[in-house]
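Biologist: Hi, I'm new to this one. Can you walk me through it?
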Amino acid sequence: MIVKEKDILFIDSLVESAVEHIPNFWPMKSFIHHNPLHGFENMHFEEAVNKAHTLFHAKKSLTREQYQRFYQEGKIEDMYLREELENFGTKCGHTHPLLENLFIQLMTKSRECHHFDEITNVSPLIPQIAKNLSPESLNDYADFNANLVKHLAKEKTIYDVVDMLFATNVGEALDDIMSQIAMRFLGEGQAIWNMPKREKGMFLSWKEIVMQDKVFFNENETLCRLLRETALAEDIIFMVLKELKIPRSFWEEYFTLELTKLHGWSGFLKYRSKSSSEYQKKYPAFMEEFLAIRLYYSYMLLKKQENSLGFFPSMKELGSYIMNNKEEAFLRAEYNSGKLLLSYFQSVENFLHETQKTDAKEIYDQYIYDKKIHDCEVLAEYLYKVLSLVLKEEQIQTLQAQELNAINAALQDFEDEEGFIWLKAMEKTSMMQLMSDYVQSKKTQEQVNSSDAQLFFCIDTRSERIRRNIEAAGAYETYGMAGFFGIPFKSIDVSNRCESDLCPAILTPKHIVYSFHEKEAINSKGLMKIVKKVLNELKYNVLTPYVTVEAIGALFAFDFFGKSLVPKAYMPLRKKIFDPKVEEELRIERYTEKEATESITAIQNQIIKFVIEEKFNIKPSSLDDEILNEIREIALSKEDIVQEDQDGVAIDSVTKLGAKYNLLQIEEQRLIELLRKEYKVSAGHMRIQKAKMAKVGFSFKEQLYYVQSALKTVGLKSFCDIVVLSAHASQSENNPYESALDCGACGGSSSLINAKVLAYMANKQNIREELHKHGIHIPEQTYFIAALHNTTSDVLTLFDAHAPHSHHEALKKLKADLELAGMLTAAERMATLPLSNTRSKQGAFSLAKRNTMDWSQPRPEWGLSKNHSFFIGKRENSKNMNLAGRTFLHSYDYTGDKKGAILSVILSGPLVVGEWINMEHFFSTLDNSAFGSESKVYHNVVGKLGVISGNMSDLRTGLPSQTVNLENEPYHEPLRLITMIEAPFETHKNVIDKIHKISELVYNEWIKTIFIDEKETAFFLYEGNTQTWEKLEFKTFTQGENRA
Amino acid sequence: MRNLKKMKKVEMIIEGEFLAHLTRLLEKIEIQGYTIFRNLEGRGNAGYHEGQLLFNDEDALVMIMTVVDEAKAETISEGLALFFEKHSGVMFITDTHMM
């Protein structure tokens, strides 16, 4: 070890800071929508977009042509575009009278109207413009070398510059090596050839490989010796940086540069290193290990270039080369980047390939001279074309040099900011539309006297359509809240042997819920059947000794071993035992101490039977409880069995098992040790297992708390006979992105179990009695029913098998209305999907159902595409707004929340989830290559955790093109989430200021915020340009009308 | 005070998002014992932090407290200086006695 403890903390903290701007990437089975620029949220939105442009080489906005399409479709009001242009002019200080008209022409007239392509370089004015351009308008190539050195290790890695100057391929080779290592180590069961000794962790496992690698385990004796001796990734990081001569003050930026190269894998590792996933526990991997491996290979690959370069390109030597060979370095960069003037191609090529270099200065000076003339001509031609939009030839001729340069400077600023101008104008158009619709909706409100049922839905934008159609179908009230219904738990599905966190990713599950199929029963006998079968299947597997009670019990991560190790034997067995059609049973009540002990004891006895059979070939049927209990008790005690007498001779058995089967004590002791070490039948592990079981289910107080919170959050005070809690899930075949279409508030899973858990709790008599004392009166006849909205087919299924007979008639009517609502919703949605030209409602409904089964369908539904707003308020006020499935709807009644406590829960939880979803769509649309995953057609699933493009690439993050684009043009309209909060501005605005995260989102404009103040009959908008809250009276704003 | 050993108490207030990172670092330098206080509320340079973020663990403030000898306290303060430079949060080191 060459680094000290404080250096370890220092390096690891640097790594943590370095990856802050890289977004987490969750495995595909639980796709989490997130803001790809989450790490930049402490900055203003525009600043963050600019930073991401530099770091990820991402686009800053859609193209002008794409925005023009929205403009032509009326989605961007001309008035707001002009308003934003004015704001831009004020901000940048560009005051030339020509500019406003010039910019408007550029923005609103299509390229064909500009006749740009028809204007050729024939006008005599072009040389005149070129003559008038100031030198500041043009690139100054004299700074090239100094700038390159300045950016070395800050904006470019050493090998970026080496590749640029010497046309080497270090960066690509390094990315390929690291992608392979990531796939082989981080894969979750797909790779045929995994890394060796993965349980030791990523760095040590990799060491096993690289030390056998003759290509990469040489070159530097000190480094290789260190690698052989150290177990610390930080040692390698430290040593490589020393060899590359990168000063400490550059380390953090250098780490960022390295880790953003494969930001998909880095993002996945960032998630995994902090998760409690089974794979992370079993095969730990951390970011500093990934970085150490990358740095090691980058050093070795650079070292291999030493001979051909004539020097080792450490930061210092490379910097010296660039400064001491100014002309040659510049010409190399021009030549290799394809920017070289064509007329110089041959001469520069000859020069670069000469072994004895002639004087570079002559060719360099001449080249710079010609290059500047060329740049000047190109710029002059462009300016001429632009000016021709608003000026006649003679007017252009009269422009003074000063004016021309001022216009040129403004034009450059404008092009840099144009995307933001479009965006803000488009957002304003939508905001004014939403406010108008709200006022109109309130005006047309009808008094509702009584309702037949109340239905809760997730805030998901897809709920808006079905809610609206259900409300229209009959006397129904609907409510919206986050789909995990406020109950954060981990679900362990015994049938499928898998676990899911059924809560938003920003929340840690506080409980565990087991789900079982009826056939299994929730008792230890049912569990034993499963344990026994799987143990038998594992018998012939080489990894059997690793099997633990956690792995094979129904308790924890059953799936990990069953599916991963013996899939062929296991999967048919699973199908045989578990019937997926049978509705699951949930363990919602907390285990008592007695129940927990009984369950664990029963599993342990089953394991003991298995091990005895394996070790001594004794039939399990011949082992009675007495024998098993004795062995188990010895294993749980700290006592050992004496193996030899005083003379060192092996002595006879002491246990009933040993007596019955003539075992020696030494054999009995080995059995005990095996059980303790490999199968975790020990007192310590039993304590851990009991502690884990104590998290299963909910205590009475917890149940009371969750029911009370859910009802208070939405402001529900009186109850119908039927209250439906509707979960949602999508359904598609052959779709790695299926979980992206599931419930975001449930970590990319179906929210059905959450709905069932809340319904169970709310139906309990003793819970209702206690709620009564807290002022919530649920009538005896009220019955809560869980339901599932299939968002692909719009079929809504009620889980009402246990509903009281008295409710059957009402349920029959409800089901009919739900079917009608589903049909209408499917018809609305199908009209937006390509190739679904059916006109009838029935036809649309059946087409939607077909999409759930069509394995060739790349776009089974649009999901959350086109989301643009989040409404927090009373449903009756938004009921008559046609929000077209674009709005998250959270029910909230400020009159029952004087201090804003409920609002703070909604803002800090559901709104943050909404913002993640919105930003995921925003950036995946803006640049589908940098932030999205491009076309599904080229995707290959890798390591069962994500997709790559083709057979080798970075892990692809973000949404595929099919989710946000239609025929390569944006279908999603990228707008920041317009958040409407129905609450008095004066008293509730401080909720924003008290939650740091929310104040960041509001004041840094990651969301656009509007308070709807019923008392003041006014809207309060946060205006980013002036950084103030702007007040607007309640009124409808007709198109084109000035809001002032 | 008899039987009491002079030690240093280290208290670190950080955003919940970094809890796993810091506890892992402590374990890495062989500090096995620490206590975590959740849902802290208060104002700092970064603005006001509400304490009860029921549906959000990442953005709530937490405090890690550990008691170590002087040498370890020095390692922590030097090693984590950069972390506290880069992130909102604060570290206190005070004298204490441990039984």
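Predicted model: local features only at pLDDT ≥ 70, side-chain atom pairs only at ≥ 80, totals over all residues.

Biologist: OK, strands then. What stands opposite A:A453 in β7(A)?

Modeller: That's A:I722. Strand β7 (residues 722-729) of chain A pairs with β1(A) in the parallel sense, over four bridges.

Biologist: And which strand does β1(A) pair with over six bridges?

Modeller: Strand β2 (residues 476-481) of chain A, again in the parallel sense. There, A:Q454 has A:E477 as its bridge partner. To get from β1(A) to β2(A), the chain goes through helix α25 (residues 461-473) of chain A, and this β-α-β crossover is right-handed. That term means that, with the strands pointing away from the viewer, the path from the first strand over the helix to the second runs clockwise.

Biologist: How many residues of β1(A) are buried?

Modeller: Six of the six in strand β1 (residues 453-458) of chain A. Buried means 20 or more other C-beta atoms within 10 Å of a residue's own, with C-beta atoms placed from the backbone. A:A453, A:L455 and A:F457 point one way, and A:Q454, A:F456 and A:C458 the other.

Biologist: Switching topic: where do the two chains touch?

Modeller: Here 27 residues of chain A are in contact with 24 residues of chain B. Contact means that the C-beta atoms, placed from the backbone, lie within 7 Å. On the chain A side, α1(A) gives the most, with 10 residues.

Biologist: What does A:I237 contact, leaving aside its neighbours within four places in sequence?

Modeller: A:I11, A:E288, A:L291, A:A292 and A:L295.

Biologist: And what's chain B like?

Modeller: Chain B has three helices and six strands, in the pattern β-α-β-β-β-β-α-α-β along the sequence. The C-alpha atoms of chain B fill a box of roughly 45 × 25 × 25 Å, taken along the principal axes. Of the 99 residues in chain B, 29% are buried.

Terms used. Residues numbered from 1 in each chain as written. Chains lettered and ligands numbered in written order. Contact = placed C-beta atoms within 7 Å. Helix = DSSP H or I, 4+ residues; strand = E, 2+ residues; numbered from the N terminus. Buried ≥ 20, exposed ≤ 12 C-beta atoms within 10 Å, placed from the backbone. Pairing = 2+ DSSP bridges.
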